[in-house]
Amino acid sequence: MDRFLRQAWIKPAVFVLCLGPLAWLAWRGLSGGLGANPIEAVIRYLGDWALRFILIALAVTPFRKITGWNALARWRRMLGLFAFAYVVLHFMSYVGLDQFFDWGAIGREIVKRRYITLGMVAVVLLVPLALTSTNAMMKRLGGKRWQALHRLVYVIAPLGVAHHWMMVKKDITEPMIHAAILALLLGWRVAALVRHNGGDSTVRASSCAAPCSSPPSS
Amino acid sequence: MLIRTGTDIRSSEVTDRSLWLDRRRFLALGAAGALALSGVPAHAASLSTVRGKFAADEPLTPMKDVTTYTNFYELGTDKSDPAQLAPSYFTKVKPWSVAVEGECAKPATLGYEDLIKPHQLEERIYRMRCVEAWSMVIPWVGVPLGDILRRFEPSSKAKYVVFTTLQDPERLPGQRRAILDWPYVEALRMDEAMHPLTLLAVGLYGEELLPQNGAPIRLVVPWKYGFKGIKSIVGIRFTETPPRTAWMKAAAREYGFYANVNPAVDHPRWSQASERRIGEFLKRKTLPFNGYAEQVASLYSGMDLAVNY
C-alpha cells in the first residue's frame with residue numbers, strides 16, 4: 001500500500017480530491033441548489049470543510065504511524081494548506097457575503113461575540129503557519145523552531161471546534177463529533193509522548209508531528 | 001472568487017436572478033406549477049379566504065422558500081430537514097383535535113373542523129422575523145386567535161394562554177432526541193393572544209399548511225420572533241401564571257418569554273439590529289416589533305424591554 005501511495009500521480013489526485021468540496025459548492029451555487037438562504041449555506045459549508053481539513057491534516061501523522069504508510073507524510077503540508085484555504089474562504093465569505101465589507105460591524109462582532117473572537121484568533125494564528133509552509137522558510141527557521149511554531153495547530157484546532165460549538169443554537173451533535181475526533185487525535189499524541197518518554201522508541205524525534213522536543217517535566 | 005462575486009452583486013441583479021429562476025421553474029413545471037409557486041391564489045387554493053387586514057405591502061417570499069427553509073426541530077434541526085423528513089414521517093395529519101382547557105367556562109376538545117369551520121378564513125400577509133436574523137413575507141391563511149379563544153369563555157383568572165405541540169415521536173422523529181424538552185410549549189399573555197394581529201394559521205399561499213410549516217394549526221404572532229409561532233398545536237390552556245416555554249427551558253438567557261422583535265436588544269451571540277430578508281443580498285434594518293409597533297407597542301408601555309426580552 002505504501003508503495004502504491006508513492007506513485008507520482010497519487011498526490012495530484014489527492015489535490016483534485018481536496019478541491020472537490022469547493023467544486024460541489026460551485027455547482028450547487030450555479031444550479032440554485034443552495035436553498036433559501038444561500039449566503040448562510042455558503043458560510044456554513046466552507047466552515048464545515050475548514051474544520052474537517054484541519055482534522056484531516058491532524059490525522060495524517062497518527063494514521064501514518066498506525067498503518068506504517070509513510071507516504072502519507074508527503075501530503076501533510078498540502079492538506080494543511082487546504083485547511084488554511086477553506087478557512088480563508090470561510091472568513092472571506094463572512095466578510096464579503098454576510099457583512100458585505102461593513103468593517104465597523106465586523107470589528108464589533110469580533111469583539112462582542114465570543115465565538116467570532118475565537119474563530120478570528122484561529123484565522124490569525126493560521127497565517128504564520130501558511131507563510132512558513134515553504135521549503136525555504138522551513139530551512140530559514142530551522143527544524144526545531146519551525147516545529148515549535150507549527151505546534152500552534154494544537155491551539156488552532158480546539159479554537160475551531162469551540163467556534164463551531166458556540167455558534168450552534170441547540171443541536172450540538174456535529175460539534176461533539178468534531179470534538180471527539182480532535183480529542184482522539186490529540187490524545188494519541190499525548191499517549192505517543194508518554195510512550196516516548198518511557199523509553200519506547202516508536203516515536204522518533206524526526207517525526208515532526210508528534211510533540212517530541214521539550215517534553216513536559218512529568 | 002467568491003469575494004469578487006460578492007462585490008459585484010447589486011440587489012437589482014439578485015432580483016433578476018430570482019426572476020430567471022422563476023422562469024426556469026415555469027418551464028419545468030408548466031403554467032399551473034408556476035402560478036402556484038409565484039403565489040397567485042386563484043386556482044390551486046384549497047382554502048377559501050377573504051383578504052384580511054394588516055397586509056404587508058412587500059414582495060412575498062416564494063412559496064418554495066417558505067416551505068423548504070423552516071425551523072421545526074421536531075422534524076430535524078437543519079432548516080432543510082423538515083421539508084425532507086415530513087413526507088416520510090408526518091404523512092397523516094388529520095384527524096386532528098385540540099384540547100382547550102384551564103381557566104375558562106367552556107373547556108372542550110374539538111376536532112379540527114369544529115375548531116376552525118365556524119370562522120371565516122382570512123389571508124394575512126405578515127413579515128416573519130426569525131430570532132436567527134433572517135426574515136420572510138408570508139401570506140398566511142387563518143383565523144384571529146381571539147375570535148377562537150372567546151368561544152371557550154376564558155375567566156378573569158386567565159392571564160396567559162399556553163400552547164402545546166403534538167407529542168408523537170413516530171410522526172415527529174426529532175422528538176426521539178432530547179434536543180428540547182418535548183413537547184414544545186409556547187405562551188402568550190392574554191392581551192397578546194386577543195390582539196387582532198395574532199393569528200391561528202391553517203394555511204399559507206391559499207393552501208393548507210404543509211407539515212414542515214406546522215400543519216394543521218399553528219400560531220403566528222408577527223411582532224415576535226418566529227419561535228413564538230408554535231406549530232402543530234394540540235393543546236391550548238388558559239392559566240393564571242406564565243409557563244416556562246420550551247426555549248426558556250433550553251436557554252433562558254437567550255430566549256425570553258416576550259421575544260418581541262427588537263433591534264436594540266441583541267441575542268447574546270448575535271446582533272438583532274439587522275436581518276437578511278430571504279431572497280435579498282444586503283441585510284436590512286430590523287424594525288421594532290417587526291414593523292408592527294403602531295399596533296402593539298402600547299401592550300408593553302412602561303415595561304423595560306431589555307429586561308423583558
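Helices here are DSSP runs of H or I with at least four residues, strands are DSSP runs of E with at least two, and both are numbered from the N terminus. With that in hand, look at B:Ser232, which sits in the loop between S10 and strand S11 (233-239) of chain B. Its phi is near 45 degrees, a positive value in a residue other than glycine. B:Ser232 has a relative accessible area of 0%, so it is buried; buried means under 20% relative accessible area, exposed means over 50%, and partly exposed is in between, using a 1.4 Å probe and protein chains only.

A few ground rules before going on. This is a predicted model, in which local features need pLDDT of at least 70 and side-chain atom pairs count only at pLDDT 80 or more, while totals for chains, interfaces and linings use all residues. Residues are numbered from 1 along each chain as its sequence is written, chains are lettered from A and ligands numbered from 1 in the order in which they are written, and side-chain values use heavy atoms, leaving out hydrogens and water.

Let's stay with chain B for a while. It has nine helices and 13 strands, and buried residues make up 53% of its 309 residues. Taking contact to mean heavy atoms within 4.5 Å, residues 24 or more positions apart account for 71% of the chain B contacts with a separation of 6 or more.

Next comes the nonpolar core, meaning a set of buried Ala, Val, Leu, Ile, Met, Phe, Trp, Tyr and Cys residues joined through side-chain atoms within 4.5 Å. In soluble globular proteins, nonpolar side chains tend to be buried together. The largest core here has 86 residues, and the ones touching the most other members are B:Trp140, B:Phe163, B:Leu219, B:Trp223 and B:Phe238. Strand S5 (residues 134-144) of chain B gives this core its largest share, six residues. Take B:Phe238 and skip its neighbours within four places in sequence: its contacts include B:Val100, B:Cys104, B:Leu149, B:Phe152, B:Tyr160 and B:Met190. Apart from this core lies another one, of 45 residues, among them A:Ile43, A:Ala71, A:Met78 and A:Val123.

Chain B also has some peptide bonds to look out for. B:Trp182 and B:Pro183 are joined by a cis peptide bond, with omega about -5 degrees, and B:Pro183 lies in the loop between strand S6 (160-165) and strand S7 (185-189). The bond from B:Ala215 to B:Pro216 is cis too, with omega near -5 degrees; B:Pro216 is in the loop between strand S9 (207-208) and strand S10 (218-220).

Two more stops in this chain. B:Thr70 belongs to the loop between helix H3 (63-68) and helix H4 (81-89) of chain B, and at 5% relative accessibility it counts as buried. Not counting residues up to four places away in sequence, B:Thr70 touches B:Asp78, B:Lys79, B:Pro82, B:Gln212 and B:Asn213. B:Asn308 lies in the segment after helix H9 (293-296) of chain B and, at 27% relative accessibility, counts as partly exposed. B:Asn308 and B:Phe257 are 51 residues apart in sequence, but 7.4 Å apart in space, C-alpha to C-alpha.

Now over to chain A and its helices. Axes are lines fitted to C-alpha atoms, for helices over the stretch in contact, and angles run from 0 to 180 degrees between N-to-C directions. The axes of helix H2 (residues 10-30) and H4 of chain A come within 11 Å and cross at roughly 20 degrees. That makes H2(A) roughly parallel to H4(A); angles under 35 degrees count as roughly parallel, over 145 as roughly antiparallel, 65 to 115 as roughly perpendicular and the rest as oblique. Residues of H2(A) including A:Val14, A:Phe15 and A:Leu22 meet residues of H4(A) including A:Trp75, A:Met78 and A:Phe82.

The axes of helix H3 (residues 38-67) and helix H10 (residues 173-197) of chain A come within 10 Å and cross at roughly 30 degrees, which makes this pair roughly parallel. Among the residues making the contact are A:Leu51 and A:Leu55 of H3(A), and A:Ile181 and A:Trp188 of H10(A).

Finally, find A:Phe101, in the loop between helix H4 (73-98) and helix H5 (103-112) of chain A. A:Phe101 has a positive phi of about 55 degrees although it is not a glycine, and at 22% relative accessibility it counts as partly exposed.
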